[in-house]
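Work through the two exercises below with the sequence and the model in view, and try each task before reading its solution.

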Amino acid sequence: MSDTKTGTRTKTRLKVDRPRLHKVILLNDDYTPREFVVMVLKAEFHMSESQAHRVMITAHQKGSCVVAVFPRDVAETKATRATEAGKAKGYPLQFTTEPEE
Ligand code: TYC
């Protein structure tokens with residue numbers, strides 16, 4: 001607030017909003033090998049074998065699975081890197097992002 005000279009400081013915000021977190025979402029496809037999906041989850045998202053396996057199976061069965069939440073730039077970078085890892089092997093593996101509610 002910059003009205004200190006006149007003493008008419010206006011309260012424009014009661015609270016500072018925390019920046020919204022964004023979900024990284026793993027999408028199922030029919031071609032990427034399960035073990036490759038698990039490997040990417042472990043490498044890019046620092047998951048254990050069992051965590052990665054659970055996330056992969058959930059995406060496989062339900063069509064998608066939330067992997068993790070991050071500030072937007074981190075979520076987008078990780079989703080891009082993980083998608084690129086599949087692309088480099090010729091797989092259609094996809095990670096997307098969306099803001100949390
Ligand atoms: N559906 C793939 C298969 O049967 C495995 C897979 C699982 C691929 C999860 C993507 O997000 C995924 N080989």
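**Exercise 1. Describe how the strands of the sheet are arranged.**

Solution. Three strands form an open sheet in the order β2-β1-β3, and their pairing is antiparallel, where strands are DSSP runs (E, at least two residues) numbered from the N terminus and two strands pair if DSSP finds at least two bridges between them. At the edges are β2 (64–71) and β3 (94–99), each of which pairs on one side only. From one strand to the next the twist averages 30 degrees, with axes fitted as lines to C-alpha atoms and angles running from 0 to 180 degrees between N-to-C directions.

The model is predicted, so local features need pLDDT of at least 70 and side-chain atom pairs 80 or more, while totals for chains, interfaces and linings use all residues. Residues are numbered from 1 along each chain as its sequence is written, and side-chain values use heavy atoms, leaving out hydrogens and water.

**Exercise 2. Find which polar atoms lie beside the ligand's nitrogen atoms, and which element gives the largest share of the shell.**

Solution. Begin with the polar contacts (pairs of N or O atoms within 3.5 Å): a ligand nitrogen atom is 2.8 Å from an N or O atom in the side chain of Asn28, and a ligand nitrogen atom is 2.7 Å from a polar backbone atom of Asp29. A polar side-chain atom of His60 lies 2.9 Å from a nitrogen atom of the ligand. For the shell (residues with a heavy atom within 4 Å), the largest share, three residues, comes from α2.

Note on methods. A polar contact is a pair of N or O atoms within 3.5 Å; within protein, one must be able to donate a hydrogen and the other to accept it, and residues adjacent in sequence count only if both atoms are side-chain atoms. Helices (H or I, at least four residues) and strands (E, at least two) are DSSP runs, numbered from the N terminus.
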